[in-house]
Amino acid sequence: MSQKYRMFKKNSGTERLPHLVGRGRALEIVLGANDFDGDTAERYGYVNCALPDAELDSFVDALARRIASFDRRAVSAAKNLVNQVSLPSADRLLDALNSFQTALTWPEAQQRIQALLERGLQREVDFENRWPEVLGTLVET
């Protein structure tokens, strides 16, 4: 499968990711800052399933119709139960957000952001496709 799934490491991602993929994989994803193809993301538990583009719409449509056919209160209750055991608390999410915002103010982070901007961040359309390659060269700056 050629489709890639962008692995964003934003704010609450570090709070939820270890529960999805385990500590070791979470560290690999966050610290490695790399892309993974759909099959690898599925194997890691990062995505529910990886499908070829031609199958995606019919899969999502069938799943949505099936869920919509169930009683709303039962669906809501099930979601609440899963959320209670799988989502971090609001305090932990706020801590993660504050930590991320603080890290953005560090001189080293500011230098790397500037280097990324100089290499095309927010200017070049294909920058995201080159993201892992560009990150690997920042140590040179």
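# A chat about a predicted chain

Student: How much of the chain counts as buried?
Tutor: Of its 141 residues, 18% count as buried. Buried means under 20% relative accessible area, exposed means over 50%, and partly exposed is in between (1.4 Å probe, protein chains only).

Student: Where do these numbers come from?
Tutor: This is a predicted model, where local features need pLDDT of at least 70, side-chain atom pairs count only at pLDDT 80 or more, and totals for chains, interfaces and linings use all residues. Residues are numbered from 1 along each chain as its sequence is written, and side-chain values use heavy atoms, with hydrogens and water left out.

Student: OK. How many helices and strands?
Tutor: Eight helices and two strands. Helices (H or I, at least four residues) and strands (E, at least two) are DSSP runs, numbered from the N terminus.

Student: In what order do the elements run?
Tutor: From the N terminus on, β-α-α-β-α-α-α-α-α-α.

Student: And the surface? What is its area?
Tutor: The accessible surface of the chain comes to about 10,500 Å². Carbon and sulfur atoms hold 54% of that. Accessible areas come from the Shrake-Rupley method with a 1.4 Å probe; for residues, only the protein chains shown count as cover.

Student: Which residues form a nonpolar patch on the surface?
Tutor: Leu-56, Phe-59, Val-60, Leu-63, Ile-67 and Phe-70. Together they have about 510 Å² of accessible area. Patches are made of residues with over 30% relative accessible area and no salt bridge: like charges are joined within 9 Å, nonpolar side chains (Val, Leu, Ile, Met, Phe, Trp, Tyr) within 5 Å.

Student: Take Leu-63. Where does it lie?
Tutor: In helix α4, residues 53–68. Leu-63 is partly exposed, at 41% relative accessibility.

Student: New topic. How many salt bridges are there?
Tutor: The structure holds five. A salt bridge is a side-chain nitrogen of Lys or Arg within 4 Å of a carboxyl oxygen of Asp or Glu.

Student: What does Glu-28 form a salt bridge with?
Tutor: Arg-25. Their closest N and O atoms are 3.3 Å apart. Both residues lie in helix α2 (residues 23–32), three residues apart, about one turn of the helix.

Student: What about Arg-130? Which side chains meet it in salt bridges?
Tutor: Glu-124 meets Arg-130 at 2.5 Å, N to O. Asp-126 meets Arg-130 at 3.6 Å, N to O. These salt bridges share partners, joining Glu-124, Asp-126 and Arg-130 into one network.

Student: How accessible are Glu-124, Asp-126 and Arg-130?
Tutor: Glu-124 is partly exposed at 35%. Asp-126 is partly exposed at 38%. Arg-130 is partly exposed at 21%.

Student: Now aromatics. How many pairs?
Tutor: Two aromatic pairs. One of them joins Phe-127 and Trp-131, edge-to-face, 5.7 Å centre to centre, with 70° between the planes. Rings of Phe, Tyr and Trp (its six-membered ring) pair if their centres lie within 6.5 Å; planes under 30 degrees apart count as stacked, over 60 as edge-to-face and the rest as tilted.

Student: How many residues apart are Phe-127 and Trp-131 in the helix?
Tutor: Four. Both sit in helix α8 (residues 127–137), so about one helical turn separates them. Phe-127 is buried at 3%, while Trp-131 is partly exposed at 24%.

Student: Back to Glu-15. Is it buried or exposed?
Tutor: Buried, with a relative accessible area of 14%. Glu-15 is found in helix α1 (residues 13–21).

Student: What does Glu-15 touch?
Tutor: Pro-88, Arg-92, Leu-93 and Ala-96, not counting residues up to four places away in sequence. Contact means heavy atoms within 4.5 Å.

Student: Last thing. What is the phi of Ala-33?
Tutor: About 45°, a positive value, although Ala-33 is not a glycine. Most residues other than glycine have a negative phi. Ala-33 is in the loop between α2 and β2 (36–37), and is buried at 17%.
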